[in-house]
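Dear colleague,

Here is the structure I promised to hand over, and below it I have set out what was found. Please read the text with the structure open beside you.

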Amino acid sequence: MNLPKDPVMLLSVVNTYLRDYHASLEELCDDAAISADDLVQKLAAIDYHYDPARNQFC
């Protein structure tokens with residue numbers, strides 16, 4: 001999966017994939033072969049944090 005570099009676009013794409021295709025952040029990261037820590041860090045830079053109960057960054 002080729003994810004956007006822009007953090008706002010990344011947020012949109014990641015939340016869409018979490019909502020439509022993956023039951024958890026770990027599942028998304030495994031499928032996309034990306035680091036969950038890197039993804040969480042990139043989105044934390046724009047003050048978005050993963051909420052497992054909602055399965056989205058908010």
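Among the contacts in the protein with a separation of 6 or more, 48% are accounted for by residues 24 or more positions apart, where contact means heavy atoms within 4.5 Å. This is a predicted model, in which local features need pLDDT of at least 70 and side-chain atom pairs count only at pLDDT 80 or more, while totals for chains, interfaces and linings use all residues. Residues are numbered from 1 along each chain as its sequence is written, and side-chain values use heavy atoms, with hydrogens and water left out.

The protein has 3 helices and 2 strands, in the order α-α-α-β-β along the sequence; helices (H or I, at least four residues) and strands (E, at least two) are DSSP runs, numbered from the N terminus.

Of the 58 residues, 29% count as buried, that is, under 20% relative accessible area with a 1.4 Å probe, protein chains only. Leaving aside neighbours within four places in sequence, Leu3 is in contact with Leu10, Val13 and Ile34.

Finally, the C-alpha trace spans about 25 × 25 × 20 Å along its principal axes.

Best wishes

Conventions: Buried means under 20% relative accessible area, exposed over 50%, partly exposed in between (1.4 Å probe, protein chains only).
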